[in-house]
Every structure is written in structure tokens, then in C-alpha cells.
Protein chains: 2
Amino acid sequence: MNIPKQTVTSKDVAKLAGVSQSTVSRVFVEGSSVSEKTKQKVFEAAKALNYRPNAFARSLTTNQSKLIGLVFPDADYPIHMKTLQLISSELQKLGYSAVLIPWQVDGDSHSIPNIFQYRVDGVIAASATFNTALYEECEEFNIPIVQYARVVEGTKSSYVISDNYSAGQIAAQKFADSALNDVVYLTGEVPTFTNQERVNGFCDEFQTLTGKSPRVIEANYDYSGSLDEIRTLLSAGKPPQAVFCATDNLAMAFMDIARFEFNLDVPNDVQVIGFDDIPQATWLSYQLSTFRQDFARLARESVKIISNQIKEKDSSLVRLMVPVRFIERNSTK
Amino acid sequence: MNIPKQTVTSKDVAKLAGVSQSTVSRVFVEGSSVSEKTKQKVFEAAKALNYRPNAFARSLTTNQSKLIGLVFPDADYPIHMKTLQLISSELQKLGYSAVLIPWQVDGDSHSIPNIFQYRVDGVIAASATFNTALYEECEEFNIPIVQYARVVEGTKSSYVISDNYSAGQIAAQKFADSALNDVVYLTGEVPTFTNQERVNGFCDEFQTLTGKSPRVIEANYDYSGSLDEIRTLLSAGKPPQAVFCATDNLAMAFMDIARFEFNLDVPNDVQVIGFDDIPQATWLSYQLSTFRQDFARLARESVKIISNQIKEKDSSLVRLMVPVRFIERNSTK
DNA sequence: GTGAAAGCGCTAACAA
DNA sequence: TTGTTAGCGCTTTCAC
């Protein structure tokens, strides 16, 4: 176990360029005053030696790591990779890198604290399972945190989410336009703020428009965990005329059960709307009408917020709502 | 922009515990000799002050960052989140954290070098688009790299992949058992080592068993990019009796086109086998027979390899092949 | 615009 | 087992 010293340091570059170490430093720090000539000299020397500034040493003096902790989604939901790419890419543009924060605390819950040894400048919590410990740690160390596409109630943190209430309203309008009166909101089992907003928008609007209340029925956010609840729903008397589902996965589970086990036609016997617009929504088997979240925007905004809070030491909370778009395919009419 | 100093340092802890700074350090470093009594004292002081060792300062002296660069997949393929979770969790067990390396080099390609400012101890490249620059940088800085579930030919690095050749053989046997003779391998457009292995295993075995050669037809690894190629294939005379697809997404595209546009029954008119066992493979619309990769094992092994290469300074290449399992559902008979 | 010197928080010799 | 000392590679005053 023989760990070598770092190969090239700013000292080496300084020597080769014939300047002081601090001049080298200045060249690599934005906005320092260095003459164009020495700057060139230093760049040349740096390139010749293949020099990379040591971010750790830098952090030690600047007290900024340019590292953002990223709580990444725990569900194997098709859109989450895109989320990660978008966030990572936005961070990169601003000179930040992302460190993964494992959401699964194993055993003694020492894992969360571990990440704070790296002194992340901020944390982005991307639609993952709730983790109280994380929020407490952030508060303790005064690390700004922003929630991406989710809100954990009771936590005082910034967030960027889609306008779920409007989505609910639009779905309700769509169904009301078809003069339906027995409609269902199919929800997941874990109550979340964003889901509740959709429920509220849907129920409020449908009530207003038709005078009837939708049934809210609990299943699961994913496919396989919802099958039995859907069977129960469809076995209990007349099927609903339309179903608005909490996720696309759930909507697809509903469509499959309705078609293959209850011989119902979508959209003629029952209309279905999902939420998320996962790639599978376009597939020929589903052609699902659904709401597309503007993930690029969500990523951009959350990164912007976190970087502002870092730079400005501005601890005021930002709550942003991004519009969604209804994508009509063949599961509605 | 008022950046505060770090709140609590080992010095503070030392003072409170009434010991020297180096004793505090020893308490937080595995395998140092400290008496149980002082250890307790230090722990108490640390807890009272909410002390976290500064990983940057530590790295500076140890020349080890305990950070692993992670090149994460660029495709929005359903299993990739699981991959990330598994790798991240395995890393955590060994005391490492993962820093995301953005695969998309924007513009001036300065992004890759950036990550090396953090002096990652190693790099795991998880099934992503090939990036020559990354490999060169790693070599330049002597950073071990291991490829997860992929092999970029021409690169001298360790890798862990599934036994794709065997998968091809098993698929061939399955089809040969049904006495078929017109079978197709539906491949993606970008040639990869793992895919080629599957092609080889499939063709070799089918040839051996039946004396016939499968047709190898090029489409795409994802769903929507493959539709036209599949239409072309099915429009050209009699449909194949069976198709082995490079990915599950591709298999599902084939099933959809076959059923909805060519009125073919799966598996009676044409049998289909996929590869990956994504969650959708179990869905009622597909019930796809496919090969399940042992991602947990792939993650575990790749982390083990990288950590060994870091610890042992062992630059010998490890090439590991992990068995796959054929999961038979209703798309074959 | 540039250099010298001090110090960020930690670990690793070397003594004791 | 413990304390003292000397850096790790960088940035940042403060002179000049």
C-alpha cells in the first residue's frame, strides 16, 4: 500500500513558468488581476506539466467545495435517469459537481453524516423517500437544501415542483367535457404533497363543473404493487367511466387489468389519464394520455436556487411551481 | 458573500476532551492505537460539539480521497437507477462516496478534467457512451478504472460483464428445441462488445444445433428508434419464427408492431426473447421471456475490483464474467 | 501586477 | 499510549 504524492503541484508550475506560487493561483482563480503575459506563461507551463489544481486544498482555504450532495430517487421509475442527467449537467455549467448521497441508511445511520465530511456546499433532494436525518443534518450545518419535484411537509426548505393542482384541474375538465359523472382518482399508498395537490385540483374542479365528487381510491405508485387494488376496484360493480392515475405506471397497470382481465376497452369503456409522460406512454400498447412534467426546467431552477442560496448566503425559502403540459393520446377521447 | 469558517475542528474537540489534536485524529482513523478511555472522552467531546472530520483536509495528507468517479448511464433505460443505487450502496459499505462524472462533454471538453480536480481514487464507468478522453485522463493520472456491464474495446481496463455469449447460446437452444429454422437476432445500431458476444453465442449455437444461420438485423437499442426497422423486417416476406432482441425495449417494440400492425400472435406466430429483464417485462401486455442480469453481483464485483486496485496499487487487469439467468414467460413456448 | 509568508484542518513521523 | 512538529497544496492577506 504505497500511496504516491501528487504528481504536479502549483509549485512546480510556478517554477517552470518562472513566477511565484501565488501568481499561479491567481491564474486559476476567476477575477484575479494577472497580466495577460504571465497568464499565458502559466497556462503553458500548466499544460506542459498536465497540471490540475487540487480541489481539496482549494476548499480548505476557500471554505467552498463546489460539491453538491445529491439525494437520488430510490424508485426505479423510467424518468429518473433523465432527472439525474439534467441536474448533473446544470450543476456542471455552474462549476459544481454532484456527490451521491445514499438514501438507504444502513443500520446505524452513520452513512448520512459521512457525506458531510465532504462539506458539500448544498444539497438537492430529488424525488426520493423522505429522510428526516438528512434535513436535520443540513440545518445543523447550515447547508442549503432544495427539493426537486417533491415537497416533504414540515421541512423548511426551498423546492421546485410541477403545478400539480392545475394538472388535476385539467384532468377534471377533460372528463367533465365528456359529460362523465363516475370518475376515479387512483392514488399511491404513501401520501405526498404533490399527489395530494393533484387530488385536490381534480376533485375541486370536477365538483365545481359537475356537482359530483370523484372517488379517490388507493393503490400504489408502481405497476405490480397496484394490480390487486385495481382488481378490487373493477370487481366492485360498474367500472368507473374514467380514471386519473397518480403515475403513468399506475395508469398502465390499470389499462392492462381493465383490458386483459375485465375485457374493457380503453378509452371506450373507460378513459385513462396518467402523470409523468414516461417513455412507455408512447408505446403502441398504451398510447397513454398524460401530463408531461418539464424536468429540464425543474432541474435548471433547482440548481439555480441552490447556487443562489450558496452565493448570497440567502436563506430565504424559494417555492417554485412549474407548469405541466397535457399530452393527449389514445387513452382518452 | 460571507463564507464562514468551519464551525468545529479537531482542535476544538481536542481542547474540550483535554487531549492533543493528534489523539483526536487517531480516534477517527481505523487501527490507530488509542486507549479505550481517551477514545470515549474524545467521542463525547466530538458528539457534544457535533464534530465531523474534514475529508478534504484528510485527503490532503493521506493522498486518498475516498471518492470514486462514477460515469453514469446516458440512456433512460429502466434498470439504470437500480444500477446506480447498487453501486452507490456498495461503495458506501467500503467507505467510499460517488461523484458523478457528466458523460456529456459540453463544448470545449473541459468538463472531464474538472472532475479530476477532486482527485478521485478510482472510476467506475457504468454502461455509458464511450468517452475516450476519460480513459486517457485516467491513464495520465494513474487512476484505476473499471467498466460496469460493458467493455469498450481497445481500452486497457478491468471490467465486469454478464456472460453474454452464454445468453446467446441459451436463446439459440430454446429456439432450436422448437425445431425452428428461420430465426432473427435483432440488434442495436451501435456495435458493442457485449452485444456482439450475444450475437456470436446465438449464431454459433444455432448453427451447431440446426445447421442454419440466424439472420442478424439492425434496429436500435430503444423502443421508438426501432419501429421502422421492425416494420421493414416484417414487411419483407414471411415473418421470422423467432426473434432474439438485444434489449427488452427492443423486444417490446417488436411485439407491439407484430401484434398491432401485422396481426401476428406472440408466441404462436413468432416467439420473442429479450435481454435485461426490465420491470416492464412482467407487465401483462408483454410477459416477456428474457435474460436477467445479476446487477447486484455486477455492482459488488466492480466495487470490489476498484477498491482492490486502489489499495493494492495492483494495476493488473481483472476481467470478470457473471452468469445470467433465463426467465421464461409467455413470449416463448 | 507580483512575491513572501501565514494558515486552512488534518495526518504522520518522531520522540517521549 | 500520547504529544510535538512538520507539512499536504492551495489561497490570501500584506507588502512592495
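**Protein–DNA and protein–protein contacts in the predicted model**

DNA strand D is surrounded by 28 residues, and the closest are A:Ser10, A:Ser25, B:Ser22, B:Thr23 and B:Arg26. A residue is counted as near a strand if one of its heavy atoms lies within 4 Å of it. Of the atoms of DNA strand D that come within 4 Å of the protein, sugar and phosphate account for 60%. The model is predicted: local features need pLDDT of at least 70, side-chain atom pairs count only at pLDDT 80 or more, and totals for chains, interfaces and linings use all residues. Residues are numbered from 1 along each chain as its sequence is written, chains are lettered from A and ligands numbered from 1 in the order in which they are written, and side-chain values use heavy atoms, with hydrogens and water left out.

A:Ser10 places a backbone N or O atom 2.3 Å from a phosphate oxygen of DNA strand D. Side chains also take part. For the side chain of A:Arg58, the distance from an N or O atom to a phosphate oxygen of DNA strand D is 2.7 Å. Two or more residues of the surface near DNA strand D come from each of H2 and H4 of chain A and H2 and H4 of chain B. Helices (H or I, at least four residues) and strands (E, at least two) are DSSP runs, numbered from the N terminus. H4(A) gives the largest share of this surface, five residues. By class, the surface near DNA strand D holds eight nonpolar, 16 polar and four charged residues. Ala, Val, Leu, Ile, Met, Phe, Trp, Tyr, Cys and Pro count as nonpolar, Asp, Glu, Lys and Arg as charged, and the others, Gly among them, as polar.

DNA strand C is likewise surrounded by 28 residues. The closest are A:Thr23, A:Arg26, A:Ser33, B:Ser10 and B:Ser25. Sugar and phosphate make up 63% of the atoms of DNA strand C that come within 4 Å of the protein. A backbone N or O atom of B:Ser10 is 2.3 Å from a phosphate oxygen of DNA strand C. For A:Ser35, a backbone N or O atom lies 2.9 Å from a phosphate oxygen of DNA strand C. A base is also contacted. A backbone N or O atom of B:Ala57 lies 3.4 Å from a base nitrogen of DNA strand C. The surface near DNA strand C has eight nonpolar, 16 polar and four charged residues.

UniProt, in an unreviewed entry, places the feature "domain: HTH lacI-type" at residues 8–62 of chain A. UniProt positions are given in the numbering used here, feature names are shortened, and annotations may be inferred rather than shown by experiment. This span is 69% helix and 0% strand, and its end C-alpha atoms lie 21 Å apart.

The two protein chains also meet. In chain A, 70 residues are in contact (heavy atoms within 4.5 Å) with 71 residues of chain B. The area buried between chain A and chain B is about 6500 Å², of which carbon and sulfur atoms give 60%. Buried area is the accessible area (1.4 Å probe) that two parts lose on being put together, summed over both. Across this interface the rule finds two salt bridges. A salt bridge is a side-chain nitrogen of Lys or Arg within 4 Å of a carboxyl oxygen of Asp or Glu. One joins the side chains of B:Arg52 and A:Glu137 (2.8 Å, N to O). The rule also finds 22 residue pairs in polar contact across the interface of chain A and chain B (both at pLDDT 80 or more). By class, the side of chain A that touches chain B has 35 nonpolar, 20 polar and 15 charged residues.

The peptide bond from A:Val266 to A:Pro267 is cis, with omega near 15 degrees. A:Pro267 sits in the loop between H11 and strand E9 (271–273) of chain A. In chain B, a cis peptide bond joins B:Val266 and B:Pro267, with omega about 15 degrees. A:Arg119 is not a glycine, yet has a positive phi of about 50 degrees. A:Arg119 lies in the loop between H6 and strand E3 (122–126) of chain A.

Methods: A polar contact is a pair of N or O atoms within 3.5 Å; within protein, one must be able to donate a hydrogen and the other to accept it, and residues adjacent in sequence count only if both atoms are side-chain atoms.
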